[in-house]
Amino acid sequence: MASTTNRRRFLALGVGAAIAGCLGSEPPVADDDAARADDAPESAESAAPADSTDAAAGDYSGPFELPVPEGELRRGAPRDAIPAITAPVFADDWTGFDEVDATLDDGDEVVGVGLDGVARAYPLAVLNWHEIVNDEFDGRPAVVTYCPLCGSAVVADRLAGGEPTYFGVSGLLWMSDLVMYDDRTNSLWSQVLATAIRGELTGETLSLLPSTISTWGEWRAAHPETEVLVPPPVSGTIRGRQTRRYDVNPYTSYQQSSDIGIGFNDAADDRLHPKASVVGVAADGVARAYPLDAVERAGVVNDTVGDLPVVVATSAEGSLVAYVRRVDGETVEFDRDGSVLVAAGSRWDLLTGRALDGPHEGAVLTRANDRSPMFWFAWADFNPETEIHGS
């Protein structure tokens, strides 16, 4: 048993080494002097260079003017006080690691990512404390992010200015959302927008990758070969072998309250409870939110956002999913049969969008949402003209 555990661990440790090799350098180490200098409640200047007037607009097109004024940023913590994971380690589960004083249960939520034939789960029990995981999939740099204040997960290619980089937690917040920095240029990035909002790369937008939030049990059942992130000190952080109380959710009371984060927020949109879970779809200039409770009542929702036909559903454990309801180029209507979706003569796995049988067996539906479900207030803040399904 011990030899199996050690073998699994050493294989996983190779992932961190591969990331360093991909970037051609070792992961960055937090600068404590810089962190102390950054610990000013209203200043962002030490976290990003001054914005030049000719900063490239990049790919961003949206309702916000960039760069974001410094006065709209709020400091929630010193830079790197929330230590991003820079050398992730993966295994089948958390058993067999003497350094991990926590358990991973089937009901625990994870950010699930399937990319280049590899399935990985990133438990919120870890992301609540670290917020960013710098990872790679078969040589492809990726960053997995989670903002506990917004309940939002965003996964993207880990490139800044076209080059691989590491992302860290700046300690700043914009509209109560995580603000990241990249190690190449020190530009500041909005997590939900996946866009640089201050610094040299202002306006550049990250290329998003598909992801979902589900329970560990659901994800593992749908992806039997999945790996799962092992928490520090097994995984390495920008501050070395730091660890936290991964069996404690530091945001429990916040998630159950009507409080809205901290930082710059306009008047809250009170059409829903601020912490209501919604999955948002945006297409053709239209944004629409699908609340968890409304989707649960409907069982399955067939809808059209702009010109995009979508189907929205939720699992028995409350995992919201949204897919483009096109099969072989044809728009179809979906029904539900227990825990699966049914359309075009096939049954479709609700969590993965994969056809389980019938004429389309093996085909996979395209996700209609490019960001995870999140709290209503966050979706509404970043999509101020949003509609709500059913209202």
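Which residues lie nearest the centre of the second largest pocket? They are Ala282, Asp370, Arg371, Phe382 and Asn383. The points below start with the model as a whole and come back to that pocket.

1. **Basis.** This is a predicted model: local features need pLDDT of at least 70, side-chain atom pairs count only at pLDDT 80 or more, and totals for chains, interfaces and linings use all residues. Residues are numbered from 1 along each chain as its sequence is written, and side-chain values use heavy atoms, with hydrogens and water left out.

2. **Overall make-up.** The chain holds seven helices and 29 strands. Both are DSSP runs numbered from the N terminus: helices are H or I with at least four residues, strands are E with at least two. Of the 391 residues, 53% are buried. Buried means under 20% relative accessible area, exposed means over 50%, and partly exposed lies in between (1.4 Å probe, protein chains only).

3. **Contacts and surface.** Take the contacts in the chain with a separation of 6 or more: residues 24 or more positions apart account for 63% of them. A contact means heavy atoms within 4.5 Å. The accessible surface of the chain is about 16,200 Å², and carbon and sulfur atoms hold 47% of it. These areas come from the Shrake-Rupley method with a 1.4 Å probe; for residues, only the protein chains shown count as cover.

4. **Second largest pocket.** Its volume is about 570 Å³. The lining has 27 residues. β18, β19 (286-291) and α7 (376-382) each give two or more residues to this lining. β18 gives the most, with three. By type, the lining divides into 13 nonpolar, ten polar and four charged residues. Ala, Val, Leu, Ile, Met, Phe, Trp, Tyr, Cys and Pro count as nonpolar; Asp, Glu, Lys and Arg as charged; the others, Gly among them, as polar.

5. **How pockets are found.** The search uses a 1 Å grid over the protein atoms alone. A pocket is an open set of points with protein on both sides within 12 Å along at least five of seven lines, and lining residues have an atom within 4 Å of a point. Grid points are joined across faces, edges and corners, and a volume is the space filled by probe spheres set on the points.

6. **Largest pocket.** About 650 Å³ of space lies here. Of its 28 lining residues, Glu109, Leu124, Tyr146, Ile213 and Gln255 lie nearest the centre. α3 (124-130), β15 (212-215) and β28 each supply at least two lining residues. The lining has twelve nonpolar, ten polar and six charged residues.

7. **A four-stranded sheet.** The order is β28-β18-β19-β29, in an open sheet with mixed pairing. β28 (374-375) and β29 (387-388) stand at the edges with a single partner strand each, so one side of each has no neighbour in the sheet. Two strands pair if DSSP finds at least two bridges between them. β18 (residues 277-283) and β28 are antiparallel, over two bridges. Valine 278 faces methionine 374 of β28.

8. **Strand β7 and its partners.** Is β7 buried or exposed? Seven of the eight residues of β7 (residues 140-147) are buried, so this strand is largely enclosed by the rest of the structure. β6 (residues 132-137) pairs with β7 in the antiparallel sense over six bridges. Valine 133 has valine 144 in β7 as its bridge partner. Two residues separate the strands of this β6-β7 hairpin, and aspartate 138 takes a positive phi near 50°.

9. **The next hairpin.** β7 also pairs with β8 (residues 152-157), again antiparallel over six bridges. Tyrosine 146 stands opposite alanine 153 in β8. Tyrosine 146 is also one of the residues nearest the centre of the largest pocket. Four residues lie between β7 and β8, and glycine 151 in the turn has a positive phi of about 65°.

10. **Backbone points to check by eye.** The leucine 66 to proline 67 peptide bond is cis, with omega near 0°. Proline 67 sits in the loop between α2 (32-38) and β1 (73-75). The bond from proline 232 to proline 233 is also cis, with omega near 15°. Proline 233 is in the loop between β16 (227-230) and β17 (236-237).

11. Serine 176 has phi near 65°. It lies in the loop between β11 (167-174) and β12 (177-182), and serine 176 is buried at 0% relative accessible area. Alanine 194 has phi near 55°. Its loop runs between β13 (188-190) and β14 (195-198), and alanine 194 is buried at 1%.

Methods
On a 1 Å grid over the protein atoms alone, a cavity is a set of points where a 1.4 Å probe fits but cannot get out, and a pocket is an open set with protein on both sides within 12 Å along at least five of seven lines; lining residues have an atom within 4 Å of a point.
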